[in-house]
Amino acid sequence: MRTLRFSYFWLLIGFMLALGGDIFYPATPEAAIQLDGQAIQLTTQGGMVAITLPFAYNQSEPFVGDISVSLLNKSYESVAEIFKKLFIVNGKQAEQIALPIPEGFQDPVVVRIDFQDQTWIKRPRAASAEQEIHIIGQREWVSGTQAVVRVIVSRSGKNTPIENAVVKAELFQGKETTARTQGQALSDSQGAAAVTIPVPDLAKGDYTLKITVDAQNQKKEITSTVSIVPGTKIFLVTDKPVYQPNQVMHLRALAAHKSTGEPLAEKEITLEVYDGKGNKVFKETQPTSEFGIVSADFQLADEVNQGDYTIKA
């Protein structure tokens, strides 16, 4: 008798059941590559904005990545944007980007710079009375948790921190005008505000995050996109790794929250089995128990396609 094998996972499966740098990624203090936000320089000349970006990199292998630079109007909407591929070698390196100013553009020059996990809002040095905003946060938010967006507010030119700025973060879906969730904080003596935002059980997808900074009679708004991802993880197991025709596969899945580890009760889980040729040979949907568990049995026939079988939740 030839044995029937299938592939199964004793792994944690990130499962998209419910639900999310740019403003939102976690900043890494010891990151291999760093962009010195305070040393970014902007000048305007001949219908262009010239941006100098000073990088520091401490790895032997070259860094290859992307950066985007946008020109914003007075409503902080992008009117021109450039994406550039970076090639950074070990040490310090300054990159130059020339951003065209659209014909007829009359607003003060404001530039948004997005690189990896951070966003900078900058103005040419001459606009010393204006505010600069530096935002750090996550691109993906997990439903059922709390997200934190860190905003640093300073005056242009000398980078003087602005204390007691009111920083508000709101999350919207589509064209909705009522926020799904929000948070607010005041900036400290360093101009930094950590805004905590509760993330409810939202549907998976992209949402609009609006950051409003109100300081010294100046109110600035900027929006970005974050993704809501489900807070579910699934452990999927079977009773053994090798089966023969006419035997029974015993399937078992445990659903829990990613962050807390608490079992998810009364949530529907669909178990599927695919044979060695990719045909779906079993499907069953069940609600989880109070301990977040579902189980099912799949009876193999006497004559079946042999090979590696795949189990899916």
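Which residue in β15 stands opposite Glu-170? In this predicted model, the residue that faces Glu-170 is Gln-182 in β15.

Strands β14 and β15, which pair in the antiparallel sense over 6 bridges, belong to an open sheet of 5 strands whose order is β12-β18-β17-β14-β15 and whose pairing is mixed. The edges of this sheet are taken by β12, residues 140-142, and by β15, residues 181-186, each of which pairs on one side only. From one strand to the next, the twist in this sheet averages 30°.

Although Asn-164 is not a glycine, its phi is positive, at about 65°.

## The antiparallel sheet of three strands

A second open sheet to consider has 3 strands in the order β23-β22-β25, and here the pairing is antiparallel. Because β23 (280-287) and β25 (310-312) stand at the edges with a single partner strand each, one side of each is left without a neighbour in the sheet. Neighbouring strands of this sheet are turned against each other by 10° on average, with direction ignored.

Within this sheet, β22, which covers residues 268-274, and β23 pair in the antiparallel sense over 7 bridges. Strands of a sheet pair through backbone hydrogen bonds, either parallel or antiparallel.

A salt bridge also involves residues from this region: Glu-272 forms one with Lys-280, and the closest N and O atoms are 3.3 Å apart. Glu-272 counts as buried because its relative accessibility is 11%, which falls under the 20% limit for that class, whereas Lys-280, at 44% relative accessibility, counts as partly exposed.

## Aromatic pairs

The count of aromatic pairs comes to 4. One of them joins Phe-63 and Phe-115 in an edge-to-face arrangement, with 6.1 Å from centre to centre and 75° between the planes. This pair links distant parts of the chain, given that Phe-63 lies in strand β6 (residues 63-72) and Phe-115 in strand β9 (residues 110-115), 52 residues apart. Both Phe-63 and Phe-115 are buried, and together with Phe-55 and Tyr-57 they form one aromatic cluster.

Another aromatic pair consists of Phe-282 and Phe-298, and it is tilted, with a centre-to-centre distance of 5.3 Å and an angle of 45° between the planes. Here too the pair links distant parts of the chain, with Phe-282 in strand β23 and Phe-298 in strand β24 (residues 293-299), 16 residues apart.

## Salt bridges

The structure holds 8 salt bridges, among them the contact between the side chains of Glu-95 and Lys-84, at 2.9 Å from N to O. Since Glu-95 lies in strand β8 (residues 91-100) and Lys-84 in strand β7 (residues 78-88), the pair ties together parts that are 11 residues apart in sequence. Glu-95 is buried, with a relative accessible area of 11%, while Lys-84 is partly exposed, with a relative accessible area of 23%.

In another salt bridge, the side chains of Arg-180 and Glu-176 meet at 3.0 Å from N to O. Arg-180 is partly exposed, with a relative accessible area of 37%, and Glu-176 likewise counts as partly exposed, at 33% relative accessibility. Beyond these pairs, salt bridges that share partners join Lys-168, Glu-170 and Lys-210 into one network, so that Glu-170, the residue opposite Gln-182 in β15, is also a member of this network.

## A further positive phi

Asn-246 is not a glycine, yet its phi is positive, at about 75°. The residue is found in the loop between β20 (242-243) and β21 (248-257). With a relative accessible area of 48%, Asn-246 is partly exposed, because the exposed class begins only over 50%.

Terms used. Residues numbered from 1 in each chain as written. Predicted model: local features only at pLDDT ≥ 70, side-chain atom pairs only at ≥ 80, totals over all residues. Heavy atoms only, no water. Helix = DSSP H or I, 4+ residues; strand = E, 2+ residues; numbered from the N terminus. Buried < 20%, exposed > 50% of the residue type's maximum accessible area, 1.4 Å probe, protein only. Pairing = 2+ DSSP bridges. Axes fitted to C-alpha atoms, helices over the stretch in contact; angles between N-to-C directions. Phe/Tyr/Trp six-rings, centres within 6.5 Å; stacked < 30°, edge-to-face > 60°. Salt bridge = Lys/Arg side-chain N within 4 Å of Asp/Glu carboxyl O.
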